[in-house]
Amino acid sequence: MTTTATASATQAYGETWYWDNRYVNEPGPFDWYQKYQTLAPIMNLYVPRNHRILVVGCGNSAFGEGLVDDGYEDVVNVDISSVVIEAMKNKYQDHSQLKYMQMDVRNMSAFESNSFGTVIDKGTLDSLLCGNNSRQNATKMLEEVWRVLKDKGVYILVTYGAPLYRLRLLRDSCSWNIKLHVIEKLASEEKSSAPIWELTNPVPLNDDGSSVEQALGKNPDVHYIYICVKDESLKSSSQA
Ligand SMILES: C[S@@+](CC[C@H](N)C(=O)[O-])C[C@H]1O[C@@H](n2cnc3c(N)ncnc32)[C@H](O)[C@@H]1O
C-alpha cells in the first residue's frame, strides 16, 4: 500500500489501464522529457541511418516521425496500450517507414533475437520502475532489449534517473558498455545560454557514478541519456 496520493499516482505508471485511460482522454501528440529535435545530435552520433530501430513504449510521441524526417527508414514502435497503438497506426498509415505494434516490452517474443541495431527508450523503463514488482519488471525489460539487439547494437535510455539509481540496474541486468550524456531539462532548439554540459560530449563515468556529480554538481537539472552498447564478449568474460 502506498501512503500518499502522489505515490499512488506514479505507481499507476506501471499499469496498462492507466495508459489506456490517459490515451483515451489525451490523444496528444505529447513527448515526455525531450523532443526529437533536441536529441537529434545524439541520434546522429550513435545511430547509423541503416539501423533498424525499435522504439519501446512509444506512446503518442512524435519521436518516430522525427527519426523518419531525419532520414531513418525502418522504425518499429511498440507500446502496451492498444488504444495508443491503434491511434498511431491510423495517424501514420501513409508512412511506410513507421510501424506500430501492441506489445509488452517484458515479452517481445514476436521479434527474433539480434534483429535491431538500436533500441530507444524515453520514459518507459522509468514507468516500469514506478509500478509493483518494479525491479523484476525492469530486469525482464532490459533482458528483452538486450536479446533483440544485435551484438554492438545500442540501447539509448533517456531518463530522469541519475547514475546512482540506474547504473547498478543496467549493469546487473546485462553486459553493456555504458556511456553517459546529459541534456538540460528545458533544452530547446534556440538556446540563449551555454549548456551545463555539451550534449555530444560523454560525461566521465566511473564505476559508482560519483564522477558525474563531480563534473555536474549535486542534483543537476538534466535528463540523463545512457548509451548502452551490447557487448557479447563482456558476457563471456564475466562467465569465464
Ligand atoms: C512515460 S510514457 C513515454 C512515452 C514516449 N516514449 C515519450 O517519450 O513520450 C511511457 C510509455 O510506456 C508505455 N508502457 C508502460 N509499460 C509498458 C510495457 N510493459 N510495455 C510496453 N509499453 C509500456 C506506456 O503505455 C507509455 O506510452
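**Exercise 1. Leaving aside its neighbours within four places in sequence, which residues is aspartate 221 in contact with?**

Residues are numbered from 1 along each chain as its sequence is written. The model is predicted, so local features need pLDDT of at least 70 and side-chain atom pairs count only at pLDDT 80 or more, while totals for chains, interfaces and linings use all residues.

*Step 1.* Helices (H or I, at least four residues) and strands (E, at least two) are DSSP runs, numbered from the N terminus.

*Step 2.* Apply the contact rule, by which the C-beta atoms of two residues, placed from the backbone, lie within 7 Å. With neighbours within four places set aside, Glu184 and Lys185 are the contacts of aspartate 221.

**Exercise 2. Decide whether aspartate 221 is buried or exposed.**

*Step 1.* Recall the cut-offs: a residue is buried with 20 or more other C-beta atoms within 10 Å of its own, exposed with 12 or fewer, and partly exposed in between, with C-beta atoms placed from the backbone.

*Step 2.* Aspartate 221 has 11 other C-beta atoms within 10 Å, so this residue is exposed.

**Exercise 3. Work out how strand E1 (residues 53-56) is placed.**

*Step 1.* Look at the side chains: Ile53 and Val55 point one way, Leu54 and Val56 the other way, and all are buried.

*Step 2.* Find the partner, remembering that two strands pair if DSSP finds at least two bridges between them. E1 pairs with strand E2 (residues 75-79) in the parallel sense over four bridges. In E2, valine 75 is the bridge partner of isoleucine 53.

**Exercise 4. Describe the shell around the ligand.**

*Step 1.* Collect the residues whose C-beta atom, placed from the backbone, lies within 6 Å of the molecule.

*Step 2.* Sort them, with Ala, Val, Leu, Ile, Met, Phe, Trp, Tyr, Cys and Pro as nonpolar, Asp, Glu, Lys and Arg as charged, and the others, Gly among them, as polar. The shell divides into seven nonpolar, seven polar and five charged residues.

*Step 3.* Helix H6 (residues 124-130) gives the most to this shell, with three residues.

**Exercise 5. Check the overall fold against the globule rule.**

*Step 1.* The rule is 2.2 Å times the number of residues to the power 0.38, with the radius of gyration taken over C-alpha atoms.

*Step 2.* For 240 residues, a compact globule would be near 18 Å; the protein has 17 Å, which agrees.
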